Each structure stands twice: as C-alpha cells, then as structure tokens.
Amino acid sequence: MNYHEKSIIENFSVLLDDWLNIYQQTRKPEIIAKIIHEIKNPISLIKSTLQLIEVQTPEVKENIHWSSLYEELDYICLLLNDFNTLNYSFNIQKTCVDVSTLLDSVAKYFYSLAYSKNINFYITKSKDLPVISGDKTRLKEAFMNLIKNAIEATDENGTVTVDINYLDSFLLITVSDTGSGIREDRIDEIFKPFVTYKENGTGLGLPIVKSIIEQHCGTIEVETKEGEGTSFIISLPINTQQVLQVQ
C-alpha cells in the first residue's frame, strides 16, 4: 500500500468518526447529508483504486480476501443510503394521500418476488377508505420496507397480507406474515438504529419506518409469535380539516 492509498483510508476513518459524533449531537438533515456525501467520496476513490490495482496486477483477484473488500465497500454504501433515508425521514412534505391507491402501487413491486418464492401475497381493504394528509414518498418508503421484510421472513407456501381499515379517526394498515416470528427478547430492540438480526442488514430499515410514521403523528406496533409469524400495525390519524385544507 503506497502513501496515497494509506492516506485515503485514514481520511475515511476520520470522516466516519466525525459523522458518528455529529449524528449524536444534531439531527439537522442538511448537515448529515453533507457528511454522507463527504464519506461517499473517499469510498468511490477506494473502489476505483481497487479496480486500477486489478488491471495492473490481475493476480490479486485470486486472493481470498479480495472479493470481501468489495463486499465491505458495498455494505458501507448500503449503510450510507439507508442512513440518508433515515435522515430525510424527519423531513415531511404533506399533501393529500390516498393510502389505498398508494399501497396498490407499492404491491406491484412485490408480486414477482412473492411468486418466485411461492408465497401467497394479498391486499385486503375496506370500502370507501378516507384519504389522509401525508408525505406520499415517505409513506411509500415505509410500506415498501415492511412488505419487503415480510416476504423475506416468509418461507415457501407461506402468506403475506396487507390489510387496510378505517376505525374512528384512524387509518389502520397491517402488514402480516406467516414467517418464523420474532423472539420475545428482541422485540424491544427492533426499532433501535443499527440493531439487526439479518445477514448483511444495516439495522436501519425499521427505525426508518418508525420515524416516518411518527412524523405523521401515527404509531406502529408489532404482534409476533415464534413459529407463527409477525404483524406490524400502523395507525395514521385522519385530520378531516387538514385534509380539506390540503385539497
């Protein structure tokens, strides 16, 4: 490793430490976004350097550790992207949202995945569901995350359902699966950032969902039983006056 390559890695380490320190001290989206951007720059440089080394010294690809370097860089990029999503989950731009139609469009992304795993995937909903005041993009991110998790947690011949109901002044969205469930001692940990029990997971998916729902003044609860499956129940308030103002 030459001086330039060593300097890149050392600078990246300093940037990462700064990023973690500032994350603990502030939640200003523009500051965190800037840090993420600055961290991505040395990652891109490291990746291009590795590619250059491959061209100049092809035999390095035979080293058992070589491919793991790319895997780790890809993981860091995934982590940064998820962290950026979490960062902007606090920035909500509300408009009039038809959650029923939104979930229909989200489901289209997952029918082929469910089919490939031989999983039954359904959406059920009540008639005449009301619209809400919310951020369509952020809500889409939350629903996609939950449905993806549900399908990944479900074995062949299992079932994933998304149910939409209206109760009093709340819209209820329940995403259920017939997977292995969540261990009781892990339930309190699943919404904490960087806590993950999935291979190659970043531990930011469910914190992103929770943040988005809370920014809509809603709640998310989990019901689970080991060996039987898990349900995430989202409750979103319907403020009729606010919706009328948005319309």
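Lys148 has a relative accessible area of 38% and is partly exposed, a class lying between buried (under 20%) and exposed (over 50%), with a 1.4 Å probe and protein chains only. The model is predicted, so local features need pLDDT of at least 70 and side-chain atom pairs pLDDT 80 or more, while totals for chains, interfaces and linings use all residues. Residues are numbered from 1 along each chain as its sequence is written, and side-chain values use heavy atoms, with hydrogens and water left out.

The side chain of Lys148 meets that of Glu152 in a salt bridge of 2.7 Å, N to O; the term denotes a side-chain nitrogen of Lys or Arg within 4 Å of a carboxyl oxygen of Asp or Glu. Both residues lie in helix 6 (residues 136-153), four residues apart, about one turn of the helix. Helices (H or I, at least four residues) are DSSP runs, numbered from the N terminus. Glu152 is likewise partly exposed, at 38% relative accessibility.

## Helix 7

Helix 7 (residues 205-215) is mostly covered, as eight of its eleven residues are buried. Among them are Leu206, Ile208, Val209 and Ile212.

Lys210 and Glu214 are also found in helix 7, four residues apart, and their side chains form a salt bridge of 2.5 Å, N to O. Lys210 is partly exposed at 28%, and Glu214 is partly exposed at 42%. Just after the helix, Cys217 takes a positive phi of about 60°.

## Salt bridges overall

The count of salt bridges comes to seven. One of them joins Lys225 and Glu228, whose closest N and O atoms are 3.6 Å apart.

Notes
Helices (H or I, at least four residues) and strands (E, at least two) are DSSP runs, numbered from the N terminus.
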